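Student: Could we go through this model together, one question at a time?
Tutor: Gladly, have a look at it first.

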Amino acid sequence: MFHILVVDDDKSTRLLLRAVLEAENYTVTAARNGAEALEIMDREHVDLVVLDVMMPEMDGYEFTERLRSVDDNLPVLMVSARQLPADKRKGFLVGTDDYMTKPIDEEEMLLRIKALLRRARIVSERKIVIGDVVLDYDSLTVSRRGEVQELPQKEFLLLYKLLSYPGKIFTRIQLMDEIWGADSETGWETVTVHIGRLRKRFEGWEEFGIESVRGLGYKAVKCEKKP
């Protein structure tokens, strides 16, 4: 069961978030400000933080900066009434993983939390599991029911990136910069070539696929198993 730390100086907000999260079977601890939150984290394991920005003693920005100095992987979701682009930009610059504005859409918040927890698990375990398929970052392998394929590094990194964010569209330039590096002299067409190789390699695998999005780029999709 995941443990979520809610940090907000407003008591009614803390109670609301606790009720919403506990209804989804999360374990919840609440703090009134960043300083109290850090004290809690010294003695309890936390899987994710839902964090207000404007708080007394230590606000959300300072808390996140301090957290990132010792833990770069713990997911942080900032929730704030401050809606200006500059406020969001500051949140991401200090290290938050996601930013929502108040009033909170509870369903959207729960979806964002699930996505953050899934990505954090991928980072910590360095593996992606989709049905019977396992992508192992350390060995650059993709396995399924005893079959193991060791991929060339760029092919593996490309597939791993896409499957880390199923449904998200990546442009060729984005993928080129992240996998080959912004300074690479290789043209973006190489992304198309590698996508073609991946499709051929995993043709007939029902667990996932790679779709072209016309005029934009590519996205990975998880496929429903046929009955």
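Tutor: Two strands pair if DSSP finds at least two bridges between them. Helices (H or I, at least four residues) and strands (E, at least two) are DSSP runs, numbered from the N terminus. This is a predicted model, where local features need pLDDT of at least 70, side-chain atom pairs count only at pLDDT 80 or more, and totals for chains, interfaces and linings use all residues. Residues are numbered from 1 along each chain as its sequence is written, and side-chain values use heavy atoms, with hydrogens and water left out.

Student: Which residue is the bridge partner of Ile210 in strand 12?
Tutor: Strand 11 and strand 12 (residues 217–222) run antiparallel and are joined by 6 bridges. In strand 12, Ile210 finds its bridge partner in Ala220.

Student: Which strands stand at the edges of the open sheet?
Tutor: The open sheet has 3 strands in the order 10-12-11, paired antiparallel. Each edge strand has a single partner strand, so one side of it is left without a neighbour in the sheet; these are strand 10 (170–171) and strand 11 (208–213).

Student: Which element has the lowest mean pLDDT?
Tutor: pLDDT is the predictor's confidence in each residue, from 0 to 100. The protein averages 90, and 98% of the residues score at least 70. Strand 8 (residues 141–144) has the highest mean among the elements, 96, while the lowest, 87, belongs to helix 7 (residues 172–180).

Student: How many residues of helix 6 are buried?
Tutor: Buried means under 20% relative accessible area, exposed over 50%, and partly exposed in between (1.4 Å probe, protein chains only). Helix 6 spans residues 153–164, and its buried residues include Phe156, Tyr160 and Lys161. The helix is mostly covered, the buried count being 10 of its 12 residues.

Student: Which element gives the most residues to the lining of the largest pocket?
Tutor: On a 1 Å grid over the protein atoms alone, a pocket is an open set of points where a 1.4 Å probe fits, with protein on both sides within 12 Å along at least five of seven lines; lining residues have an atom within 4 Å of a point. The largest pocket is lined by 18 residues, with Arg119, Val123, Lys161, Ser164 and Tyr165 nearest its centre. Helix 5 (106–125), helix 6 and helix 7 each give two or more residues to that lining. The most, 5 residues, come from helix 5.

Student: Which element gives the most to the lining of the second largest pocket?
Tutor: This pocket has 14 lining residues, and those nearest its centre are Asp47, Leu74, Pro75, Ala120 and Ser124. With 5 residues, the element that gives the most is helix 5.

How values were computed. The expected span of a helix is 1.5 Å times one less than its number of residues.
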